[in-house]
Amino acid sequence: MKIIFIILLIINIAYQIGIRLQFTEQNAISAPALVNPEKIILVPAHEDCLVWGNFYEEQIRYAEKVLAELFPDLFYSQEESEDTMMYWLYIPRFPNKEAANREINKLRNLGIVSFRVKDDSKWENAISLGMFYDQKDALKQFREIEKKGITNAKIEDRSVILKKIVIHNPTHRIREQMQKLVEQFDDTQLAQGKCERL
């Protein structure tokens, strides 16, 4: 009986030693080797960027559409900038698209060409005539369209989250073309700076 116990003990010890040796060999094989560590280059945490803002909701959708047309491969991100109060001049929503189209034709015949038909669920078929930072500007525009015969327009105070577009590592060509593009968007500015590398 003692001999069987000693043989089983020796087999068990040999088995444990074999498992540990095999485990050590596998770890040695799977451990990554450093290949030319002197060639590793650390990049700065920040990079050059252009910051274009500030946009309200309708404006940023249009700006992104224009950017996609001008620079199809441009890499940029969109960030929130600040909250502000704006004044929305609009014609309340119509029951259907046909009624909204009739109002659009009326506006065009009166020489009013700056408007957008809303398509989100809450304001679907409402006609946006502009967003204004200053209430006086909104009232001035309101009076002008009233003189032309549009009597159903309204002004609404809206708390708006403004956004900005951040263009990472812009080329010289992009910088030049962006300067021209910014001039087409009222109340927006383009600034150069440093931003966090993505």
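Student: Which residues make the nonpolar surface patch, and what is its area?
Tutor: I3, I7 and I11 make that patch, which covers about 310 Å². Bear in mind that this is a predicted model.

Student: Where does I3 sit in the chain?
Tutor: I3 lies in helix 1, residues 2-30.

Student: Is I3 buried or exposed?
Tutor: I3 is exposed, because its relative accessible area is 62% and the cut-off for exposed is over 50%.

Student: Let me back up. How many helices and strands does the chain have?
Tutor: The chain has five helices and six strands. Read from the N terminus, the order is α-β-α-β-α-β-β-α-β-α-β.

Student: What share of the chain is buried?
Tutor: Of the 198 residues in the chain, 31% are buried.

Student: Helix 2 next. Which of its residues are buried?
Tutor: In helix 2 the buried residues are E58, Q59, I60, A63, V66 and L67.

Student: What span should helix 2 have, and what does the model give?
Tutor: Helix 2 runs over residues 57-70, so its 14 residues should span 20 Å at 1.5 Å a residue. The C-alpha atoms at its ends are 21 Å apart, which agrees.

Student: Salt bridges: how many are counted?
Tutor: The count is one salt bridge. E57 pairs with R158, and their closest N and O atoms are 3.8 Å apart. The pair links distant parts of the chain, with E57 in helix 2 and R158 in strand 5 (residues 154-168), 101 residues apart.

Student: Why would two side chains like that pair?
Tutor: Side chains of opposite charge can pair when their charged atoms come close.

Student: And is R158 buried or exposed?
Tutor: R158 counts as buried, because its relative accessibility is 17% and buried means under 20%.

Student: What does E57 count as?
Tutor: E57 counts as partly exposed, at 30% relative accessibility.

Student: Changing topic to charge. Which residues gather in the patch of negative charge?
Tutor: D134, D137, D186 and D187 gather there, on the surface.

Student: Take D186. Where is its place in the chain?
Tutor: D186 is in the loop between helix 5 (172-182) and strand 6 (189-196).

Student: Buried or exposed, that D186?
Tutor: D186 is exposed, since its relative accessible area is 57% and exposed means over 50%.

Notes: Residues are numbered from 1 along each chain as its sequence is written. This is a predicted model: local features need pLDDT of at least 70, side-chain atom pairs count only at pLDDT 80 or more; totals for chains, interfaces and linings use all residues. Side-chain values use heavy atoms; hydrogens and water are left out. Patches are made of residues with over 30% relative accessible area and no salt bridge: like charges are joined within 9 Å, nonpolar side chains (Val, Leu, Ile, Met, Phe, Trp, Tyr) within 5 Å. Accessible areas come from the Shrake-Rupley method with a 1.4 Å probe; for residues, only the protein chains shown count as cover. A salt bridge is a side-chain nitrogen of Lys or Arg within 4 Å of a carboxyl oxygen of Asp or Glu. Lys and Arg count as positive and Asp and Glu as negative; His and the chain ends are not counted. The place of a charge is taken as NZ of Lys, CZ of Arg, CG of Asp or CD of Glu. Helices (H or I, at least four residues) and strands (E, at least two) are DSSP runs, numbered from the N terminus. Buried means under 20% relative accessible area, exposed over 50%, partly exposed in between (1.4 Å probe, protein chains only). The expected span of a helix is 1.5 Å times one less than its number of residues.
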